[in-house]
Amino acid sequence: MQIAQNTVVTMTYTLTDDKGQVLDQADATQPFAYLHGASNIIPGLETQLEGKQANDSMKVTVAPAEAYGEYDERMTQQVPRSMFEGVPEEQIVAGAAFHAQTGAGNQTIRIAAVDNDTVTIDANHPLAGVTLTFDVSIISVRAASEEEVAHGHAHGEGGHHHH
């Protein structure tokens, strides 16, 4: 069966950035499963997997525009350190992430830099502006169940579990 709209794809992958650093992986002991066509994975990877089938392996390079978007300087902001009142000092460090209520809803914000009175926060996705390479091996492709299509994600091994 070929990968198409409303198929469940189970695969292994290694994700690397443009420097070859491994960012994420799913191996045969814990494969990744997703519902194709439901925007469960980044668009650039989903497009490249269309029409492939079990036992296909490939390397897919995805530009930022088809992944997590270009890095947007306008999504960084300097705020007074006093906004972090009540937060333990050791948590106010570059690289720390926190959830914030914004005009766009609940977002994960990272601290980019800290100085005496100012904290620079960054609302870009950590992989914004990064060209990604996926080394993918497709294990299986099957038709999605009606429930999976209705829920918008794969169920079972490697997919979503309802408790």
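# Strand pairing and side-chain contacts

The bridge partner of L15 is D24, which lies in strand β2. This is a predicted model, in which local features need pLDDT of at least 70 and side-chain atom pairs count only at pLDDT 80 or more, whereas totals for chains, interfaces and linings use all residues. Residues are numbered from 1 along each chain as its sequence is written, and side-chain values use heavy atoms, with hydrogens and water left out.

- Strand β1 (residues 7-16) and strand β2 (residues 22-26) run antiparallel and are joined by four bridges; strands are DSSP runs (E, at least two residues) numbered from the N terminus, and two of them pair if DSSP finds at least two bridges between them.
- Five residues lie between the two strands of this hairpin, in which G20 takes a positive phi near 85 degrees.
- T16 belongs to strand β1 and is buried, with a relative accessible area of 18% (buried is under 20%, exposed over 50%, partly exposed in between, with a 1.4 Å probe and protein chains only).
- Leaving aside residues up to four places away in sequence, T16 touches Q21, V22 and L23 as well as T131, L132 and T133, where contact means heavy atoms within 4.5 Å.

**The four-stranded sheet**

- An open sheet is formed by four strands in the order β5-β8-β7-β6, and their pairing is antiparallel.
- Strands β5 (76-80) and β6 (97-102) stand at the edges with a single partner strand each, so one side of each is left without a neighbour in the sheet.
- From one strand to the next, the twist averages 45 degrees, with axes fitted as lines to C-alpha atoms and angles running from 0 to 180 degrees between N-to-C directions.
- Within the sheet's order, β7 is placed beside β8; β7 (residues 105-114) and β8 (residues 118-122) are antiparallel and share four bridges, and V114 has V119 of β8 as its bridge partner.

**Aromatic pairs**

- The structure holds four aromatic pairs, counted for rings of Phe, Tyr and Trp (its six-membered ring) whose centres lie within 6.5 Å, with planes under 30 degrees apart taken as stacked, over 60 as edge-to-face and the rest as tilted.
- The rings of F32 and Y34 are stacked, because their centres are 6.1 Å apart and their planes stand at 20 degrees; F32 is partly exposed at 25% relative accessible area, whereas Y34 is buried at 1%.
- For F84 and F98, the ring centres are 5.4 Å apart and the planes stand at 85 degrees, so this pair is edge-to-face.
- F84 lies in the loop between β5 and β6 while F98 lies in strand β6, so the pair ties together parts that are 14 residues apart in sequence.
- Of these two residues, F84 is buried at 10% relative accessibility, and F98 is partly exposed at 25%.
- A cluster linked by ring pairs contains Y13, F32, Y34 and F134.

**Salt bridges**

- The count comes to five salt bridges, each requiring a side-chain nitrogen of Lys or Arg within 4 Å of a carboxyl oxygen of Asp or Glu.
- One of them joins D18 to K19, with the closest N and O atoms 3.9 Å apart, and both residues are exposed.
- D72 forms a salt bridge with R74, where the closest N and O atoms are 3.0 Å apart; D72 is buried at 19% relative accessible area, while R74 is exposed at 74%.
- In the salt bridge between E89 and R81, the closest N and O atoms are 2.2 Å apart.
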